[in-house]
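This report is meant for a reader who is meeting the structure for the first time.

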Amino acid sequence: MTKNKGLFITVEGVEGVGKSTNIETIKNFLAEKDVECVLTREPGGTLIAEEIREILLKPREEKLTELSELLLVFAARAQHLATVIKPALVSGKWVICDRFTDATYAYQGGGRGLNKSVITGLEDMVQNELRPDLTVILDLDPETGMKRAAKRGSLDRFEQEHLEFFNKVRAVYLEIARSEPKRCVIVDASSPIETVQVSLRAIIQSKLAEYFD
Ligand SMILES: Nc1ncnc2c1ncn2[C@@H]1O[C@H](COP(=O)(O)OP(=O)(O)O)[C@@H](O)[C@H]1O
Ligand SMILES: [Mg+2]
């Protein structure tokens with residue numbers, strides 16, 4: 001963790017797990033502690049990257065190939081990093097991002113079955129050394145998550161996938177958490193919102209203590 005540089009926090013998990021809900025919790029907690037932060041999301045976060053998001057999420061008759069999907073995700077990420085994430089971190093702001101490259105390993109790797117080494121190659125090219133300082137993985141069985149997400153209305157191109165797809169996505173998230181325990185924290189997202197919030201505040205509190213020690 002470099003002093004004067006903001007912390008890069010990512011929040012991950014399948015649809016409906018509570019990412020948007022809990023990012024608000026983190027934002028409010030950091031505001032109480034006078035830490036300036038930027039909330040953003042992937043794919044998206046800039047005008048151009050949000051246009052790429054639309055291509056990724058909109059259901060269409062023409063099939064978006066797995067490789068096109070992967071390259072679009074990283075194209076949006078390159079734009080987002082250069083335009084929003086890096087400038088914010090350099091200026092000392094914390095960045096809280098709804099999904100990042102772990103989602104690529106989970107969705108395009110686990111879900112779509114793309115080769116992990118191809119994703120790693122793109123990750124290195126697009127991000128160089130940059131990796132999140134903290135990743136909160138909200139874990140929930142995908143069936144419950146999909147039920148929560150379905151309440152939002154019409155389903156996007158990913159939300160229309162079957163349970164099997166999301167089980168693979170979840171498995172990759174859990175595998176990442178196991179292999180990188182220093183960066184990743186798993187939070188049980190099946191608990192009531194209040195319980196999840198208590199866990200999150202404790203996690204952020206300990207990062208604040210490390211950051212300002
Ligand atoms: N721990 C929880 N228990 C029950 N419902 C939850 C919980 N967390 C979030 N929700 C609800 O589930 C729905 C999806 O949450 P949201 O934050 O939009 O998920 P995501 O951004 O991960 O797709 C919302 O209606 C939200 O209020
Ligand atoms: Mg959301």
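## Backbone details and the ligand site

In the loop that runs between strand 2 (37-41) and helix 2 (47-57) lies P43, and this is a predicted model. The peptide bond that joins E42 and P43 is cis, with an omega of about -15°.

R99 belongs to the loop between strand 3 (94-98) and helix 4 (101-111), and R99 counts as buried because its relative accessible area, 16%, is under 20%. N128, for its part, is found in the loop between helix 5 (116-127) and strand 4 (134-139).

The space taken by ligand 1 is the largest pocket. Among the elements, helix 1 (19-32) and helix 8 (193-212) are those that give two or more residues to the shell around ligand 1, and helix 1 provides the largest share, 3 residues. In all, 14 residues surround ligand 1, the closest being G16, K19, T21, R152 and S191, and the shell divides into 5 nonpolar, 5 polar and 4 charged residues.

| Residue and its atom | Atom of ligand 1 | Distance |
|---|---|---|
| K19, polar backbone atom | oxygen | 2.7 Å |
| S20, side-chain N or O atom | oxygen | 2.9 Å |
| R148, polar side-chain atom | nitrogen | 3.1 Å |

Of the 570 Å² of accessible area that ligand 1 has on its own, the protein covers 75%.

Technical notes:
Residues numbered from 1 in each chain as written. Chains lettered and ligands numbered in written order. Predicted model: local features only at pLDDT ≥ 70, side-chain atom pairs only at ≥ 80, totals over all residues. Heavy atoms only, no water. Near = heavy atom within 4 Å. Polar contact = N/O pair within 3.5 Å; in protein donor to acceptor, adjacent residues only side chain to side chain. Areas by Shrake-Rupley, 256 points an atom, 1.4 Å probe, with all protein chains shown as cover. 1 Å grid on protein atoms, 1.4 Å probe; cavity = no way out; pocket = protein on both sides within 12 Å on 5 of 7 lines; lining within 4 Å. Sits in = over half its atoms within 2 Å of the grid points. Helix = DSSP H or I, 4+ residues; strand = E, 2+ residues; numbered from the N terminus. Nonpolar A, V, L, I, M, F, W, Y, C, P; charged D, E, K, R; others polar. Buried < 20%, exposed > 50% of the residue type's maximum accessible area, 1.4 Å probe, protein only.
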